[in-house]
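Take the model below one region at a time. Keep the sequence open beside the coordinates.

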Amino acid sequence: MSLWLDGVQRSYPRLDGDAEADVAIVGGGIAGIATAYFLAKSGARPIVLEGRGVAEAASGRNAGFLLAGVAENFVAASRRYGAENALRIWKLTRHTQELVRALVAEHAIDCELRWNGSDQIAGDEEEWREVAESARLLSAQGASVSIAAGAKTVTYAEDGEIHPVRWVRGLAAAAVRLGARIHEDTTVRSAWDGRAVTDNGTVSAGAIVLCTNAYTSHLVPSRVRPVRGQMLATAPTAQVFARPAYAKRGYQYWRQRVDGRVLVGGWRDMAVDEEVGEEERTTTGVQSHLEAFLHEHGIDAPITHRWAGTMGFSHDALPYVGHTGPRLFVCGGFTGHGMAFGPASAEIVASLIRGGSHPDADLFDPSR
């Protein structure tokens with residue numbers, strides 16, 4: 001069981017009968033809840049349909065990082081997307097950080113939000129050259145960066161960390177206060193042309209948004225593929241890590257909570273062919289690597305939690321956000337970075353649903 005889900009109880013009713021809404025949102029993770037929030041704030045009447053509980057899937061099974069950029073360093077991202085687009089993407093994720101800061105303050109969401117920065121650690125000389133050059137390039141764009149060449153580490157001072165379940169559920173409560181409706185334990189069986197069909201009723205809406213990430217192909221043809229990520233957490237221990245860390249091109253990551261618990265995740269690259277699909281189970285192979293990391297850093301606190309989550313990977317590591325069919329929109333495929341992309345992506349899709357535009361919508365067009 002994910003550490004973040006300890007003590008969480010579902011608080012929204014199952015859909016009971018047919019309903020109408022301006023927008024039906026399928027999925028109650030960060031993307032779905034943020035979309036509902038922005039729509040409700042604009043005066044629309046959204047309804048969220050979640051098969052499990054709010055933030056119980058990928059949004060409740062990650063490390064709770066609020067990092068700017070994509071999984072790759074900025075130099076690698078510039079090579080992949082072009083320098084101009086890489087900068088636009090980085091700025092969009094910085095906007096997510098601004099949104100989180102503002103929304104947590106506005107709605108007094110108790111979610112352990114801290115802005116202690118993050119460490120990006122290179123795994124070899126080639127990666128270090130890219131990481132160091134990325135730091136210099138982003139510093140020129142105003143990022144607060146420090147470089148420790150001896151440790152092959154760059155620290156980005158403006159990054160943050162959060163309790164992801166408390167954050168998403170707190171935003172859900174804010175959305176409800178603005179007029180959104182949320183139904184948990186409500187699995188959508190089909191969604192098309194303004195009709196979201198569940199076992200307990202059908203929601204008729206002016207538009208449907210699929211915020212279903214790895215599970216989108218259950219409802220429509222999708223290029224999002226499910227990939228498993230694993231984590232563990234220890235009992236509280238003495239401070240070892242000052243801030244979240246992201247290492248070896250994002251395949252390894254860890255942080256220490258304010259209560260002293262150490263969280264370690266990743267090492268998916270050690271079993272790439274196995275870490276796919278929707279099965280949320282841990283494996284001895286990957287968990288042994290997470291345990292070895294603890295031993296290497298002298299951490300002997302008992303392991304209290306082990307868990308896995310299903311991420312939704314796109315073909316190019318950027319989310320799909322926009323119109324994808326008759327009265328149908330999509331917002332997913334976050335490639336393991338839903339906390340970084342989710343809120344800003346939700347802003348984009350909410351604007352498109354209202355008939356507006358967004359200056360960054362072209363980056364995430366589902367048809368690209």
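A disulfide here is a pair of cysteine sulfur atoms within 2.5 Å. By that test, the whole structure holds 0 disulfides. This is a predicted model, in which local features need pLDDT of at least 70 and side-chain atom pairs count only at pLDDT 80 or more, while totals for chains, interfaces and linings use all residues. Residues are numbered from 1 along each chain as its sequence is written, and side-chain values use heavy atoms, with hydrogens and water left out.

C111 is buried, at a relative accessible area of 1%. Buried means under 20% relative accessible area, exposed over 50%, and partly exposed in between (1.4 Å probe, protein chains only). For C211, the closest cysteine sulfur is also in C331. The separation there is 4.8 Å, too far for a bond. C211 counts as buried too, at 8% relative accessibility.

Now turn to the helices. Helices (H or I, at least four residues) and strands (E, at least two) are DSSP runs, numbered from the N terminus. Helix α5 covers residues 164–177, 14 residues in total. From first C-alpha to last, α5 reaches 20 Å, close to the 20 Å expected. The expected span is 1.5 Å times one less than the number of residues. Helix α3 passes the check as well: its 24 residues should span 34 Å, and its end C-alpha atoms are 35 Å apart, which agrees. Just after α5, G179 takes about 115°. Just after α3, A108 takes about 50°.

How enclosed is α5? Of its 14 residues, 10 are buried, so the helix is largely enclosed by the rest of the structure. Among these buried residues are W167, V168, R169 and L171. The buried residues of α5 pack against α1 (30–41), α3 (83–106), β8 (181–183) and α7 (338–353).

I30 is buried, with a relative accessible area of 3%. Contact means heavy atoms within 4.5 Å. Leaving aside neighbours within four places in sequence, I30 is in contact with W167, V168 and L171, among others. Its contacts also include G338, M339, G342 and P343. I30 and A340 are 310 residues apart in sequence, but 10.0 Å apart in space, C-alpha to C-alpha.

W167 leads on to the core. A nonpolar core is a set of buried Ala, Val, Leu, Ile, Met, Phe, Trp, Tyr and Cys residues joined through side-chain atoms within 4.5 Å. The largest has 83 residues, and W167 and V209 have the most contacts inside it. Apart from it lies another core, of 20 residues, including L49, V220, L328 and V330. Not counting residues up to four places away in sequence, V209 touches V23, A24, I25, V26, F329, C331, V349 and I353.

Aromatic rings come next. Rings of Phe, Tyr and Trp (its six-membered ring) pair if their centres lie within 6.5 Å; planes under 30 degrees apart count as stacked, over 60 as edge-to-face and the rest as tilted. A search of the whole structure finds 7 such pairs. The rings of F65 and Y253 have centres 6.1 Å apart and planes at 75°, so this pair is edge-to-face. F65 lies in strand β3 (residues 65–66) and Y253 in strand β14 (residues 252–256), so the pair ties together parts that are 188 residues apart in sequence. Both F65 and Y253 are buried.

F241 and W254 form a tilted pair, 6.0 Å centre to centre with 50° between the planes. F241 sits in the loop between β12 (225–234) and β13 (245–247), whereas W254 is in strand β14. F241 counts as buried at 11% relative accessibility, and W254 does at 8%. Ring pairs link F241, W254, W267 and F293 into a cluster.

T283 lies between β15 (262–266) and α6 (284–296). T283 is buried, with a relative accessible area of 11%. Beyond neighbours within four places in sequence, T283 is in contact with R228, Q230 and E275.
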